[in-house]
Amino acid sequence: MPDPPPLAPALRRALVEVVGPDHLLTDPAVTAGHAIDWTGRFRGATPGVIRPGSVDEVAAVIGVCAAEGVAVVAQGGNTGLVGGSVPLAGEVVLTTARLTTIAEVDADAGRLTAGAGATIAAVHAAAVSAGWAYGVDWAARDTATVGGSVATNAGGLRVVRHGSTRAQLLGVEAVLGTGAVLRDLGRLEKDATGYDLSGLLCGSEGTLGVVTAARLRLVPDPPERATAALGFASFAAAVVAVGQMRRTLPGLEAAEAYRAAEAELVAGHLGRAPALRPPPPVTVVVECAGTGDQIETLGAAVAALDGVLGAVVADEGPRRTALWRHREALTEAVATLGPHHKLDVSLPADALAAFAEEVPARVTEAAPGARTWLFGHLGDGNLHVNVTGVAPDDQAVDDAVLGLVLARHGSISAEHGVGTAKRRWVARQRGDVTVAAMRAVKTALDPAGILNPHVLFGDGD
Ligand code: 2HG
Ligand code: ZN
């Protein structure tokens, strides 16, 4: 996009008065990194990046922007994949990078309060030091932040055991579009006093408020863990086996899948042999955790499965790390192939295998030169359809894949959010009544319409 006009002098002065001159960045060489997403597919421009250092500064910044009618995109680690945290229409960027405090760790109750800019890795470390664990985790943990994870209701690798971010959330502190501060961090485990506004802000993608802190529920940290890579002839066989493990293995923490093509791509990228040789049509990485010998527990569960073509099992140590590395590095391996489309979808269990078998053909029908890369979280029905060899703004592939998802009663966004990439599809999935109610909530909490105004809602909804 062409460079947006510079900030008006009065606005600039008002923002500097709030955050100080060092925390309003306007040099394009500095702001450029905040204007492009991780995949390189979504590239915008911004007249300024604001770095408030406290909730009061966030409130004052939003108050100034609301009064001036200036649109704001809130940004955490900028690891989002759907164009929801970059200024595609010349918005100013409000980064939570300075809100990193992790406080009020309650080791008895198992909860902590984390600033929006704290990374997921920092939350893990704080939880472990208090004798607990945090139930949400994914490969971008060192960069992705609490605020972004709340804004997108992020899922990740452990949803099969602990649920998505909303399931960990006791409360949030957030600045609404008016500049008012919603202080909802003190909620108790049981609290039936009206609307769950923290739950509502979770997944709202920066459209209702800027999350500045979150009160997070922690989970026990089991002492023993075992991980296995299992081979299957098809997604259908893998889905049946994962269903059986979910029923019989209470400590199942993850069940992740990828195909032979992805196994070879990531092995080449890492310069290591695939987890299973030769790679089977589908590899499933499973992990269980608990007390007692988990190799034995997992081994017994695997032995009872039908259709396992090959298996390697590992406990703590480099072999376990290596099994995870092959799964977690898939995103970076695909990224080496250039800008690509990412379609993060979920399917009902009984439709998942048929979808996985059909989607590559639908992609090549829509874009003959395109290639599909397929992997994801089999334990909760979430597949990541990555497509390379297609222009960044070409919608034909997205339409083919998302049309198939809706025909199979799935969701067009499982854990990455809608962003700008999928906003045309929300009404088709959720229906007009739901979208009208969502718009009414948006108007109530952000009457000036300044908070991330170009995500979530499609034109004409
Ligand atoms: C994962 O599961 C992330 O690794 C990223 O959600 C998925 O790259 C992707 O499409
Ligand atoms: Zn994922």
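This is a predicted model: local features need pLDDT of at least 70, side-chain atom pairs count only at pLDDT 80 or more; totals for chains, interfaces and linings use all residues.
**Stop 1: ligand 1**

Select ligand 1 and display the residues around it: Leu81, Arg327, Thr331, Lys342, Phe375, His377, His384, Asn386, Glu415 and His416.

An N or O atom in the side chain of arginine 327 lies 2.8 Å from an oxygen atom of the ligand. Histidine 384 places a polar side-chain atom 3.0 Å from an oxygen atom of ligand 1, and for histidine 416 the corresponding distance is 2.8 Å. The protein covers 93% of the 300 Å² of accessible area that ligand 1 has on its own. Colour strands S15 (371-377) and S16, the elements that give two or more residues to the shell.

**Stop 2: arginine 327**

Keep arginine 327 selected and extend the view to helix H12 (residues 318-328), where this residue is located. Is arginine 327 buried or exposed? Arginine 327 counts as buried because its relative accessible area is 5%, and the limit for a buried residue is under 20%.

Its side chain makes a polar contact of 2.7 Å with the side chain of glutamate 256. Beyond its sequence neighbours up to four places away, arginine 327 touches Leu157, Glu256, Tyr258, Phe375, Gly376, His377 and His384. For a view across the model, select alanine 192 as well: its C-alpha atom is 40 Å from that of arginine 327, and the two residues are 135 residues apart along the chain.

**Stop 3: arginine 158**

Now select arginine 158, in the loop between helix H5 (146-152) and helix H6 (159-162). Arginine 158 is also buried, with a relative accessible area of 11%. Which side chain does the side chain of arginine 158 meet in a polar contact? The partner is glutamate 253, at 3.3 Å. Other residues that arginine 158 touches include Asp137, Arg225, Glu287 and Trp324.

**Stop 4: helix H15**

Finally, select residues 396-407, which form the 12-residue helix H15. From first C-alpha to last, H15 reaches 16 Å, close to the 16 Å expected. Highlight its buried residues: Val397, Asp398, Ala400, Val401, Leu402, Leu404, Val405 and Leu406. In an α-helix there are 3.6 residues a turn, so residues three or four places apart point the same way.

The buried residues of H15 pack against strand S14 (341-346), helix H14 (349-366), strand S16 (382-388) and helix H16 (426-430). End the tour at histidine 409, which follows H15 and has a positive phi, near 60°.

Notes: Residues are numbered from 1 along each chain as its sequence is written. Chains are lettered from A and ligands numbered from 1 in the order in which they are written. Side-chain values use heavy atoms; hydrogens and water are left out. Helices (H or I, at least four residues) and strands (E, at least two) are DSSP runs, numbered from the N terminus. The expected span of a helix is 1.5 Å times one less than its number of residues. Buried means under 20% relative accessible area, exposed over 50%, partly exposed in between (1.4 Å probe, protein chains only). Contact means heavy atoms within 4.5 Å. A residue is near a molecule or strand if one of its heavy atoms lies within 4 Å of it. A polar contact is a pair of N or O atoms within 3.5 Å; within protein, one must be able to donate a hydrogen and the other to accept it, and residues adjacent in sequence count only if both atoms are side-chain atoms. Accessible areas come from the Shrake-Rupley method with a 1.4 Å probe; for residues, only the protein chains shown count as cover.
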